[in-house]
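Please read this briefing alongside the sequence and the model.

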Amino acid sequence: MALPPARTCGASRCPPARAARPGPGCGAGPRCPSGSAGSSGSAGPARPRCWLLLPLLLLAAPGASAYSFPQQHTMQHWARRLEQEIDGVMRIFGGVQQLREIYKDNRNLFEVQENEPQKLVEKVAGDIETLLDRKVQALKRLANAAENFQKAHRWQDNIKEEDILYYDAKADAELDDPESEDMDRASKTSTLRLDFIEDPNFKNKVNYSYTAVQIPTDIYKGSTVILNELNWTEALENVFIENRRQDPTLLWQVFGSATGVTRYYPATPWRAPKKIDLYDVRRRPWYIQGASSPKDMVIIVDVSGSVSGLTLKLMKTSVCEMLDTLSDDDYVNVASFNEKAQPVSCFTHLVQANVRNKKVFKEAVQGMVAKGTTGYKAGFEYAFDQLQNSNITRANCNKMIMMFTDGGEDRVQDVFEKYNWPNRTVRVFTFSVGQHNYDVTPLQWMACTNKGYYFEIPSIGAIRINTQEYLDVLGRPMVLAGKEAKQVQWTNVYEDALGLGLVVTGTLPVFNLTQDGPGEKKNQLILGVMGIDVALNDIKRLTPNYTLGANGYVFAIDLNGYVLLHPNLKPQTTNFREPVTLDFLDAELEDENKEEIRRSMIDGNKGHKQIRTLVKSLDERYIDEVIRNYTWVPIRSTNYSLGLVLPPYSTFYLQANLSDQILQVKYFEFLLPSSFESEGHVFIAPREYCKDLNASDNNTEFLKNFIELMEKVTPDSKQCNNFLLHNLILDTGITQQLVERVWRDQDLNTYSLLAVFAATDGGITRVFPNKAAEDWTENPEPFNASFYRRSLDNHGYIFKPPHQDALLRPLELENGTVGLLVSTAVELSLGRRTLRPAVVGVKLDLEAWAEKFKVLASNRTHQDQPQKCGPSSHCEMDCDVNNEDLLCVLIDDGGFLVLSNQNHQWDQIGRFFSEVDANLMLALYNNSFYTRKESYDYQAACAPQPPGNLGAAPRGVFVPTIADFLNLAWWTSAAAWSLFQQLLYGLLYHSWFQADPAEAEGSPEARESSCVMKQTQYYFGSVNASYNAIIDCGNCSRLFHAQRLTNTNLLFVVAEKPLCSQCEAGRLLQKETHCPADGPEQCELVQRPRYRRGPHICFDYNATEDTSDCGRGASFPPSLGVLVSLQLLLLLGLPPRPQPQVRALPASPRL
């Protein structure tokens, strides 16, 4: 009979009895992971049975050793002894039954409250709606005021810097920099110098009397446009202040201008980066979302032979910068063209412009090579075909084509007539890149006849501005729509640039209401976007924390399915240039039920569903199959939907009722360190019990702070959370009674115990005896302790070996201090209400219990009785006497080693068993004792990869030869001008092509970057019964027996020790691994996109739009004198003198 094909490497056969054991040099037969030899129960898929030969396998041949492999009933007997020993210890010392009685004896001290999911989730959703609505009202006041201020403002052509008084948020950093050009202007610029006070709400120093202004590095602060912008926006200061007076909880209020100016309140110094400050408000996620409707964009790049050197580099950088202007509501594809057009990546259609897809594009763009001839027709036909594909998910709003080229003469009018005229539903934006002598009229014509815009990118400094100005064009229909388009939108989660942490922002566009003259058409430019931040922590405070239990939680998602709230939303690194996008199905372990719940929430429906699902443990080492109740409702007036998750045992919770102040004082005394010696050490959860309680990561110090505060206030004080305080004090008294009734009179050493403990929902963890607290490493917050949460989700006794990484040194067994944690939940039934308010357990002495394990899994009745086996008799091997030939282990449900009869394996306790015995672990997996679950962590942080040499350095772009220097024609050529440009901008922006933007901005990504890690966990499979099997490796085959221990998370395994190295099999991996390709193959994922909905509003057309302003060319002729001087300096080997920073203001619809 053949084994299942996925788990075999050949036909199964029964190996010979191991009477004559082969030596180390034996030759292995056919190598197979495993084969079966017998079972006492159902074991999943059908497996080969060798019943006739089984007796032979279990007996030794004449003349061989007198011992044979234990029979199945013998090993089942050992398993029962182990189960009885564990159960006995837990019954005596765990105190589960006694704690139940203690709760019932104190029934008058607490009430049982019910969590009603529907009422809870509706209340929280209503509270969040109220919170956000207050921000919406503030936004509307700001937007209306801004439009009126700008309308009343009189433009000043002769305005000067000294005429404007404002606080420049970057001034302090620039004045501290002796090389900054702002040092020269410091005397004539009217920059305020402010005093600041520390404000914990902002996590920053602020000044509530003023606003601050931030202007991007590549914009000239003294330009007329900027000075006029500063002039009229100054009036917003009073509106900001009045908003805060009406709502003191307001955080950052920001106006992002379309000119690049940011004015925010309250004033605070700008967080100066270590390198170049590339912050531009127009590239922030919240600004992009507020300034235009969703986009379907196709980027086509000319890669004909004329595009080479610096021009190609400029195009690659421009495309990457263009991609950064897109959000998750947008869809995009990128293609290159010469005679033919083809996608630059594996994406064959429009894909969502999320972080991972954009990363694929950016990497693919770097591989573009220039060759062939220019064929605009091929490029545009490809782009229109992409936009006309209705069989894919897309934005279905603004449609546009962005073409980057160095120039050409073909206008491809026939293509536009065929695909786009007369309705012109697709806008065409053309970008002339590099310095050249081509006629740009065809490029201008393409843009102007297709409601787009023409831009020029002659050099590096023009890239960022010109790749974002198209948003002004897209904003025209919004402005013309007037009040209809004045709708507040809420963003994805992202990192605040001023250090507030994770936030969402409400945005509202601000329109230009002026007219060019009496009877003229009204202005169609967007002035900017108004934004107000809401910290995620403020939203979390509206959710119930401790009444839902350790495994209950609230979550919220947006229309993309990204989580706004979720306990697993924990980005290890944050890049403020990108939103934090974690899908609900990636925050949890995905299954069909959760897909259905996610879709219903995105559609704005209400719902409730009980599901059986998999959850990952807090330490991400284990998988548990659990039952959860999901309840969800939409949050009105927003794009969010709120969900509540509750385990069945969290339907009810305890609420202490300690009205007796004498009893309060009595129980409180058990929190004092003076009581620890007799009552055991107490760890209290670091919760926010009172407003004035000083937090500390050191629990001893936190307890000290808590006691000092309680000496000043009472548990009923208004500044304290009475629910938390009363429950904490009640649980202090209840766990003390457990010490008094059970622990104090027991001798822990008799059963080789290092400690006993109890942890409660109220936040108490009591460890007895007091000295055991020195080695206690579990989280003092029970809700954040893996043993606590797993014990609630599982029945029986949960073993937790010490965590060990394969790369770390082995455990140090000194004085028997290494312990094994065994815990179980206390289930309390009060009437018809069942809940689990506590977890109790013991800590086993590892070394002593390893010896005890050998005795229990042997033919001895106690430790001092040796096995009797005469020379003429045949005896079965056991785990004690025959430990040189027989391997006996206990493995937990995650596949980690818990106990072993091999002394040399004691320091490997806690390691994944495949690292200890890969052959045996693979056999257990192949025989369905374990099931594997693979998932991806999209929030991981990885060490930065060494930068690849992509030839992006300015010197690598073009190096002239001696013949070039001697050729007069070359000195006036485009190549010479290109060289001048690359050298000039190499001096000024030398890191543009080399440094990652995040690194240039001095963010943490310079040290660590976000990456995707593949996680693999194992959990018990379908086999519940005793099972015998053979690891079939020819002459090196091994017998093994495996059996689950009842009422535990342990697997008892007995196996012959491996004799031949040739019997090695593939190693199962459990360690988290880095995915260089960013997790699952993106090219495959986009073929089955997850359900999402875009914003319900779209403004992409208005019949009154004036498209006559569509860009104009700008001449920048090369200077022969400058070039000759530059080349002479190069020939003489003299470094060119640093030039003042160029602040280019290229032609745009605004400037």
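What share of the contacts in the protein with a separation of 6 or more is accounted for by residues 24 or more positions apart? Such residues account for 75% of those contacts, where contact means heavy atoms within 4.5 Å. This is a predicted model, in which local features need pLDDT of at least 70 and side-chain atom pairs count only at pLDDT 80 or more, while totals for chains, interfaces and linings use all residues. Residues are numbered from 1 along each chain as its sequence is written, and side-chain values use heavy atoms, with hydrogens and water left out.

**Whole protein**
- Of the 1151 residues in the protein, 60% are buried, that is, under 20% relative accessible area with a 1.4 Å probe, counting protein chains only.
- The protein contains 33 helices and 42 strands, taken as DSSP runs of H or I with at least four residues for helices and of E with at least two for strands.

**Helices α21 and α24**
- Helix α21 (residues 661-668) packs against helix α24 (residues 722-743) at an angle of about 65°, with the axes 8 Å apart; axes are lines fitted to C-alpha atoms over the stretch in contact, and angles between N-to-C directions run from 0 to 180 degrees.
- Gln664, Tyr667 and Phe668 of α21 meet α24 residues including His726, Ile729 and Leu730.

**His1041**
- His1041, in strand β40 (residues 1038-1044), counts as buried because its relative accessibility is 0%.
- The His1041 side chain makes a polar contact of 2.8 Å with that of Asn1028, meaning a pair of N or O atoms within 3.5 Å, one able to donate a hydrogen and the other to accept it, with residues adjacent in sequence counting only if both atoms are side-chain atoms.

Notes:
Buried means under 20% relative accessible area, exposed over 50%, partly exposed in between (1.4 Å probe, protein chains only).
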